[in-house]
Amino acid sequence: MASACASAEDALVFYTFGPDETKRLGARLGRCLNPDAVVALSGDLGTGKTCFARGVALGLGLPSSLHITSPSFSLVNEYEGGRIRLYHMDAYRLESLEAFFDAGLEEYFYEGGVAVLEWSDRWPQVLPAGSVRVLLVIEGLSEGGHRLRVEISNPPEGFTI
Ligand SMILES: Nc1ncnc2c1ncn2[C@@H]1O[C@H](COP(=O)(O)OP(=O)(O)O)[C@@H](O)[C@H]1O
Ligand SMILES: [Mg+2]
């Protein structure tokens, strides 16, 4: 199980010790999300954003057999069949805020699905006020992978430590 500690500056802080734990944490969050929820992921390359997004997909009831990859080139991938439709988005390859709007990405925040955005810290001003913010930081190594600090701010109702 991912360990959790007291909240810091209103964020819930968790530590995971491998990808499975990160996925489980994402799934816990996913189970609490409602239509139009936005999950804003930030953290360096390879920290576990896509891994966390896979967990959210599981929490929304999508099958574990589903192959979810970073939508770095497609910008957004849609998954139907869960409790709520999932839009998995990635701002990594976008060159400007204009490109974000040109691609129509902000519309996915209000389509009645759950939007999970990787590299959301690029243009935080595009995020709806109610967005759940998830920051991932590698803090060392563990046997199962890396020791990951996961800070969750503005969690949905029902999601606690
Ligand atoms: N605690 C952990 N949480 C998530 N991923 C981890 C962890 N430890 C090791 N990993 C590995 O780190 C990589 C994270 O990749 P990914 O989720 O694609 O990162 P990002 O989307 O942030 O670039 C995966 O290869 C995963 O197996
Ligand atoms: Mg990724």
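1. Start with strand S6, residues 114-118: five of its five residues are buried, so the strand is largely enclosed by the rest of the structure. "Buried" here means 20 or more other C-beta atoms within 10 Å of the residue's own, with C-beta atoms placed from the backbone. Strands are DSSP E runs of at least two residues, helices are H or I runs of at least four, and both are numbered from the N terminus.

2. A quick word on provenance: this is a predicted model, where local features need pLDDT of at least 70, side-chain atom pairs count only at pLDDT 80 or more, and totals for chains, interfaces and linings use all residues. Residues are numbered from 1 along each chain as its sequence is written, while chains are lettered from A and ligands numbered from 1 in the order in which they are written.

3. Back to S6 and its two faces. In a regular strand the side chains alternate between the two faces of the sheet. Val114, Val116 and Glu118 point one way from S6, Ala115 and Leu117 point the other way, and all are buried.

4. Now the neighbours of S6. Strand S5 (residues 86-90) runs parallel to S6, joined by five bridges, with Asp90 opposite Glu118. Strand S3 (residues 38-42) also pairs with S6 in the parallel sense, over three bridges, and Val38 sits opposite Ala115 there. For strands to count as paired, DSSP has to find at least two bridges between them.

5. S5, helix H3 (residues 97-102) and S6 form a right-handed β-α-β unit. Right-handed means that, with the strands pointing away from the viewer, the path from the first strand over the helix to the second runs clockwise.

6. Zooming out, the chain has three helices and eight strands, in the order β-β-α-β-α-β-β-α-β-β-β. Its radius of gyration is 15 Å, close to the 15 Å from the globule rule for 161 residues, so the chain is as compact as a globular protein of that length. That radius is taken over C-alpha atoms, and the rule is 2.2 Å times the number of residues to the power 0.38. Buried residues account for 37% of the 161.

7. Last, the ligand. Ligand 1 is surrounded by 18 residues, the closest being Thr22, Gly48, Lys49, Thr50 and Gly145; a residue qualifies if its C-beta atom, placed from the backbone, lies within 6 Å. Helix H1 (19-31), helix H2 (49-59) and strand S8 (145-153) each supply at least two residues of that shell.

How values were computed: A residue is buried if 20 or more other C-beta atoms lie within 10 Å of its own, exposed if 12 or fewer, and partly exposed in between; C-beta atoms are placed from the backbone.
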